[in-house]
Amino acid sequence: MRTMQCVVALGAMAGVLCVSSGAGVAEPAASPQQKQPAGLNAMRVVRDAATGELRAPTTEELQALLAAEQAARQSTAFARSATPTAQQVLPAQRSIVRHANGMVSMQLSQESLSALKAATDAQGKVHVVHDTPVLKAQPQLEEK
Amino acid sequence: MKRTSSLLKAAALSCTMLLGLPVYAAQIKLINIDPPGVGFNDPTPAAPVGGNPGTTIGEQRLNAYQRALDLWGSILKSKVPIQVVGSFSAFPPALCAGNVLAQAGALSIFSNFPHAAKADTWYAVALANSMAGEDLTPGQDGPQDGFAGADIVAQFNGGVGGPACIPGSTWYYGLDNNPPAAGIDFLNTFMHEVGHGLGFANFITETDGLPPAFPDFPYPDIYERNTLDISLGKTWDQLTPAQIVLSATNTGKVVWAGKQVTRSAPDFLGPFTGLRITAPAGIARDLETGSASFGPAATTTNFVGEVVLGTSTAAPGVTDGCGPITPAVAGKIALVDRGICGFAVKTANAQAAGAKAVLIANNAPGTIGLGGADPTIVIPTLMVSLGDGTLIKANLPGVSVGVIVDPTRLAGTDANNHVLLYTPGVIALGSSISHFDTSAEPNLLMEPAITPTLKAATNVDLTAQLFKDIGWPIESLKIHRCDTKVPNVTPVGDIVSVEVAQCAIDAPRKLQFVGCVTHVAAGLLKQRYIDLGDAARMVVCSALARKP
């Protein structure tokens, strides 16, 4: 994982330097604003223990899912993934470059990713949803 | 425009590609980062499906992925190739456990680049390249550069359907938008995700309202400049961060202000259907609702009448509907509160008391879908927001509601035909604002859920118009090497080159092909999407085609 992160970080850094040199004189990268962690962008569903159906998680379940995913990202097994994940393609932090011609560029970071998830409705139909799932005529949330 | 099946159209487009007709313009290229043997390179044999001729899983994935890229490439104009970093390897177990299907987004944004349409405004890199007419990050597309020069990352979970990864589901790689029951339509899904990467998204965080490079370069993005809060009468680039945070949950009051989408909305969207307070006149209004997975759908005939509070027979102050309800609701619409028990339980209790329908008042802002199952329920149920529920209660007795169809108003728009953006009562990062609202009907490609009625293989609804609004030039239809100058997408999103490709299949002989294209041109002319000169160029180009 660290090796991969280093490779990606170096690649990203090289990219910034290339842009800078190509444009002439670049000012030092500004300090990008820290934003929400990537996990908050994703829609998550859980399988209801009682009904066996997928549904939106409760706040507690969502926190547990986020923690598990964060742990997985940091795990050795994840690092051995042969294909770089989207998180690994994107740097952990945004970087900004102001170019000599007045152009400004910002390399986006992991929190910019849009995630799609699967949700199954009461009829067993699979739906593809972003964050808060709002499904027409086939809702999936059940009060408990 | 919809005279042929989507399967035939998919097959036609495949054949057209084999014939080498240059119907596509902007090149959108996949940078395949999968290692040998997995993902896009999976050698597992597969039978061709839905117009996808691939004979391995990997081939089918590549075909479907490239088809989506080609479709967008046929609509949007750029002389700079768009680079998409993609993979189809299985996601790690933790992401599978979270039912993650895909992750995608733009890789960088630019402002104040050469030929930028608006100064001090952020644009997604692919659009910035198109406007600039040059690659703003040349030669940095590979892994050695961290893909810094690529434009979009789009990774899909190749492990879907495995024992530990959303079992029972499977990707559908057909090109005809016709998946089986358990199939997830990859083409629709990918068209949606690439749409975000091409600029259908803002780059602000709605929870703090701050621009992406605050404080050094506090510029809005082009999407914000078209995001209008009709309560304030201002677009988001004119709002303070605090106002943006509030606007992000101003349900039903945030719209897309761009002229192209607004102009095309009446041609695509149907009449508004929804729940309205009809009495007393002083509180008459349309209500945001959530529908139920149990019982019949609410209609203009089964969901109309007087609202009565569903009070417990055991405790007069209890209105949660979780126990027997007084017969005061008989023949009326019972209003009960969310909480304590399942939604279907509440409706069953109201039904037992004789209610004709049920309104469940949320205990939080906004509304949600009502899950649950009970085959004995024969009356409809809708949820209303906490605020609307409180309003109704405050005016009881004497409140009447009804599901109405309003032909004077479009589904999913405000009174001025501005298309609503998705603005739930609670901010959903990644979804709020960066999608069309779910109240649009027919469903739109860029709503937060990929709905089964979408047909992105042939139609991208109002999405192409939004791209025009943010500055994307629209590609023209080319037949062989002949440029018709006709926009390759109609105002309602039909992709004209798909129709012409269908002609190549339906009419294999040249004269027949010309006749078919003439028929397509006549259809466009009738709809007033093109003029007579445009139609003539289409016919001439079809006649000049070496071979259809």
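What is the order of the strands in the open sheet of eight strands in chain B? The order is 13-12-19-15-16-17-18-14, with mixed pairing; two strands pair if DSSP finds at least two bridges between them. The structure is a predicted model, in which local features need pLDDT of at least 70 and side-chain atom pairs count only at pLDDT 80 or more, while totals for chains, interfaces and linings use all residues. Residues are numbered from 1 along each chain as its sequence is written, chains are lettered from A and ligands numbered from 1 in the order in which they are written, and side-chain values use heavy atoms, with hydrogens and water left out.

**The sheet of chain B**

- Strand 13 (285-287) and strand 14 (289-291) of chain B stand at the edges with a single partner strand each, so one side of each is left without a neighbour in the sheet. Helices (H or I, at least four residues) and strands (E, at least two) are DSSP runs, numbered from the N terminus.
- On average, neighbouring strands of this sheet are turned by 40 degrees against each other, direction ignored. Axes are lines fitted to C-alpha atoms, for helices over the stretch in contact, and angles run from 0 to 180 degrees between N-to-C directions.
- Strand 15 (residues 304-309) and strand 19 (residues 400-410) of chain B run antiparallel and are joined by three bridges.
- B:Gly305 has B:Val401, in strand 19 of chain B, as its bridge partner.

**Salt bridges**

- Eleven salt bridges are counted over all chains, each being a side-chain nitrogen of Lys or Arg within 4 Å of a carboxyl oxygen of Asp or Glu.
- B:Asp42 and B:Arg61 form a salt bridge, with the closest N and O atoms 3.9 Å apart. This pair links distant parts of the chain, 19 residues apart: B:Asp42 is in the loop between strand 1 (28-32) and helix 2 (57-75) of chain B, and B:Arg61 is in helix 2.
- B:Arg225 and B:Asp237 meet in a salt bridge at 3.2 Å, N to O. B:Arg225 lies in helix 6 (residues 222-225) of chain B and B:Asp237 in the loop between strand 10 (234-235) and helix 7 (241-247), so the pair ties together parts that are twelve residues apart in sequence.
- A network of salt bridges links B:Arg276, B:Asp286, B:Asp406 and B:Arg409.

**Accessibility of the paired residues**

- B:Asp42 is buried at a relative accessible area of 17%, and B:Arg61 is buried at 5%. Buried means under 20% relative accessible area, exposed over 50%, and partly exposed in between (1.4 Å probe, protein chains only).
- B:Arg225 is partly exposed at 24% relative accessibility, and B:Asp237 is partly exposed at 28%.
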